[in-house]
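Subject: Handing over the two-chain model

Dear colleague,

Please find the structure below, followed by my notes on what was found in it.

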Amino acid sequence: MNGAQYIVKFLENKGVDVVFGYPGGAVIPFYDVLGRSSLRHILTRHEQGAVHAADGYARATGKPGVCIATSGPGATNLVTGIANAYLDSVPLLAITGQVGLDSIGRDAFQEADIMGITMPVTKHSYLVKDMKHLPPVLEEAWNVATTGRKGPVLIDIPKDIFMGSVDLTKAYPGITTRKGNHKNGLENQLPKIMACLTEAKKPLILAGGGVIASQAWEQLLQLVRYTNLPVVTTFMGKGALPENHPACLGIVGMHGLPAANLALSECDVLLAIGTRFSDRVTGKPRNFIPHAQIIHVDIDPAELCKNIRTDIPVVCDGQKFLVHLLKALKEANICFQIEDWWSEIKNWQKKYPMKYEKCPNLKPQHVVEEVANQAGDKVIVVTDVGQHQWFTAQYYPVGGKRSFISSGGLGTMGFGLPAAIGASLGRPGEMVVLFTGDGSFQMNIQELATLAQLQLPVKIFILNNACLGMVRQWQELFFDRHYAHSLFNYNPDFVRLAEVYGIKALKITDPKEVTGVVAQALRTSGPVIVECMVESGENVFPMVPPGGRPNEMLGRWQDEAHISRIS
Amino acid sequence: MRHTLAVLVENHPGVLSRVAGLFARRGYNIESLVVGETEDKTVSRITLVVEGDEKVIEQVSKQLNKQVDVIKVNDITNEETVERQLLLLKVAADPPVRQEIMQIVEIFRCRIVDIGRRSLIIEATGDEEKIQAIIKSLQPFGIQELVRTGKVAMVRGQK
């Protein structure tokens with residue numbers, strides 16, 4: 001059995017059904033085997049498309065995404081996607097071809113040190129220089145990607161390793177980690193957590209992406225049912241609790257919902273699960289809810305006390321934590337008397353609802369809201385990066401269980417289309433709704449060919465504001481309206497473009513058309529593109545300016561002086 | 001404050017680059033770094049001297065621990081340790097001052113490892129204080145070249 005056959009067999013044994021990639025010189029021996037195997041290979045039109053599609057697949061299924069690229073430019077084209085998966089803790093296996101062993105280090109044709117390049121953006125990266133290392137490296141790489149805090153792993157494989165033969169008579173023992181256990185585990189900290197929660201007058205749960213990564217949505221729901229504790233989520237935690245659930249107050253942070261941000265500012269005990277307290281949530285870490293007790297649960301010890309002070313750090317998987325906490329609360333028969341806290345929250349919700357003007361021009365929020373109305377919470381919602389991403393986060397309540405897919409940490413424009421393709425392949429039979437912008441969409445627009453070929457049920461709404469909306473917004477607010485290079489003076493006609501690719505396309509220019517066209521789009525089978533000519537000057541509000549406190553929100557809420565007075 | 005970290009790592013290619021890269025991208029300062037094989041050939045030990053407060057050192061340790069190739073991180077700053085650095089120093093030594101230099105070498109229990117017509121190479125081992133003292137004592141004669149390793153350290157007693 002040669003190296004290529006071994007790798008394919010390995011992937012099959014791990015239950016991989018779809019891989020994404022793009023062939024080239026160094027990986028031809030691998031493709032030769034792959035092309036005859038049971039693995040379904042999706043040929044994207046750019047390596048970046050392959051890695052984002054693998055990422056979208058992983059986010060939608062919880063299984064690691066697998067992508068393949070050739071040496072040199074093929075491998076370097078994966079880098080953005082790998083970094084994207086790294087910052088959002090998405091399990092990913094990137095397999096790259098490398099020039100032959102004898103050529104390494106000689107600046108050979110299409111040679112790049114991809115192991116070195118990806119060192120800071122992977123959980124680990126490997127260069128296989130010996131046939132006998134191939135089996136254990138594959139096994140370890142798979143383990144690293146899928147256990148603990150998940151993340152991308154890269155394996156760089158020289159051409160001759162694909163073609164060399166693997167000695168199957170030898171046993172390749174599994175990897176035994178030599179690392180010890182960490183203190184601050186759940187067992188030590190649970191009594192302290194119970195005491196802290198019991199005394200809380202205004203307790204609040206902050207659910208991050210870790211809740212989704214550990215598939216703890218059911219456990220979170222049970223905890224909320226039992227305790228009636230209010231829940232806010234981070235951007236990555238959107239959908240950790242179904243957003244139509246009354247206990248779910250929505251997203252916090254820079255563009256979070258007013259009531260959620262106010263609850264965060266005012267809580268006295270914050271139970272944060274699976275979040276890394278990004279600067280988009282905390283503003284200046286020193287000013288972040290100084291009066292509250294913070295319980296921080298994360299599977300990665302390095303996240304505890306990294307960005308903010310923590311009163312009770314807990315190293316634990318989100319699901320395991322929620323199971324044990326609920327059990328302990330039930331055994332101790334603890335109920336929360338938090339009616340006053342809830343009435344305060346409900347008052348904020350009533351006083352500061354999300355709102356925008358529907359007329360006279362077409363507003364991006366209007367499109368999002370209408371799609372949400374019609375498509376509901378049974379679809380997978382994917383976004384690109386920019387204003388449309390936040391309009392979607394704010395105005396599309398999602399249903400939970402991996403139903404919201406977006407580039408949170410890295411903020412990668414061009415993520416949306418390939419990620420939607422990957423998500424759709426991971427969850428066949430489900431509808432995928434992609435919200436993108438005219439800027440983001442053009443960053444990986446070549447994947448329209450992939451989509452057209454596969455005829456996947458991806459409904460694309462391009463919120464076309466003829467500018468880089470988020471850049472334009474910051475320039476308006478913080479750079480004296482100097483719109484340097486953020487306005488597109490030229491854009492293609494996206495409807496005609498879609499038609500060239502053989503994809504059905506619709507257009508909305510007037511608010512009156514929204515209901516009908518959205519309905520038509522959702523009725524269409526297979527892919528469809530809806531170009532929505534939205535107001536250019538619309539801003540994402542509320543907005544906590546960079547470094548601000550959660551309750552310092554710009555927007556219409558700013559005038560309501562009450563908000564900024566709370567501290 | 002200066003901390004000494006003893007880091008056990010898998011003896012794999014690229015480990016040093018990973019550790020050094022981690023420090024660079026997270027903005028930590030390495031004062032010295034020594035790496036070498038241990039009694040177990042599959043394991044190397046990196047002795048790091050890092051400047052930073054408790055919070056920084058805690059993050060450094062945690063980030064190191066996350067590395068796949070890192071087996072164990074020990075902060076031995078507050079432990080009873082034996083510490084050594086190695087110093088090679090070429091000092092100007094014309095005949096009139098040679099005797100005086102040799103006396104200094106004697107006092108510090110260093111060794112002369114090379115004798116040239118107008119210079120001597122001196123080898124010394126010791127902790128930071130001793131190395132500093134030797135350098136200071138020989139400075140007046142004219143130091144022509146100086147090279148030193150970072151610090152290696154070992155916790156005293158049974159472990």
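Which residue of strand 6 of chain A does A:Thr96 stand opposite? Before the answer, please keep in mind that this is a predicted model, and that what follows describes that model.

**The parallel sheet of chain A**

The residue opposite A:Thr96 is A:Asp156, in strand 6 of chain A. The two strands to look at here are strand 4 (residues 92-98) and strand 6 (residues 152-158) of chain A, which pair in the parallel sense over seven bridges. If the words are new to you, strands of a sheet pair through backbone hydrogen bonds, and they do this either parallel or antiparallel.

In the loop between helix 5 and strand 4 of chain A you will find A:Ser89, a residue that has a positive phi of about 55° although it is not a glycine.

**Chain B**

Chain B has four helices and nine strands, and from the N terminus on its elements run β-α-β-β-α-β-β-α-β-β-α-β-β. Along its principal axes, the C-alpha trace of chain B spans about 60 × 35 × 35 Å.

In chain B there is an open sheet of four strands with the order 2-3-1-4, and here the pairing is antiparallel. Its edge strands are strand 2 (29-37) and strand 4 (70-75) of chain B, each of which pairs on one side only, and the twist from one strand to the next averages 20°. Strand 1 (residues 2-10) of chain B runs antiparallel to strand 4 of chain B and is joined to it by five bridges; in strand 4, the bridge partner of B:Leu5 is B:Asp75. Helix 2 (residues 54-66) of chain B packs on the sheet, where it touches strand 1, strand 3 and strand 4, and its direction makes about 5° with that of strand 1 of chain B. Helix 1 (residues 15-26) of chain B lies across strand 1, strand 2 and strand 3 (43-51), running at about 20° to strand 3 of chain B.

Further along, strand 5 (residues 81-92) and strand 7 (residues 119-126) of chain B pair in the antiparallel sense over eight bridges, and B:Leu89 stands opposite B:Ile122 in strand 7. Strand 7 of chain B is also joined to strand 6 (residues 111-115) by four bridges, again antiparallel, with B:Glu123 in strand 7 as the bridge partner of B:Arg111. A hairpin of three residues connects strand 6 to strand 7 of chain B.

**Where the chains meet**

How many residues does each chain bring to the contact? Chain A gives 18 residues and chain B gives 21 residues. The area buried between chain A and chain B is about 1600 Å², and carbon and sulfur atoms give 46% of it.

One salt bridge is found across the interface of chain A and chain B: B:Lys66 forms it with A:Asp300, and the closest N and O atoms are 2.6 Å apart. Between chain A and chain B, five residue pairs are counted in polar contact. On the side of chain A that touches chain B, strand 5 (124-127) and helix 7 (134-146) of chain A each supply at least two residues, and the largest share, three residues, comes from strand 5 of chain A. The residues of that side of chain A divide into nine nonpolar, two polar and seven charged.

With best wishes

Notes: Residues numbered from 1 in each chain as written. Chains lettered and ligands numbered in written order. Predicted model: local features only at pLDDT ≥ 70, side-chain atom pairs only at ≥ 80, totals over all residues. Heavy atoms only, no water. Contact = heavy atoms within 4.5 Å. Buried area = accessible area lost by both parts, 1.4 Å probe. Salt bridge = Lys/Arg side-chain N within 4 Å of Asp/Glu carboxyl O. Polar contact = N/O pair within 3.5 Å; in protein donor to acceptor, adjacent residues only side chain to side chain. Nonpolar A, V, L, I, M, F, W, Y, C, P; charged D, E, K, R; others polar. Pairing = 2+ DSSP bridges. Axes fitted to C-alpha atoms, helices over the stretch in contact; angles between N-to-C directions.
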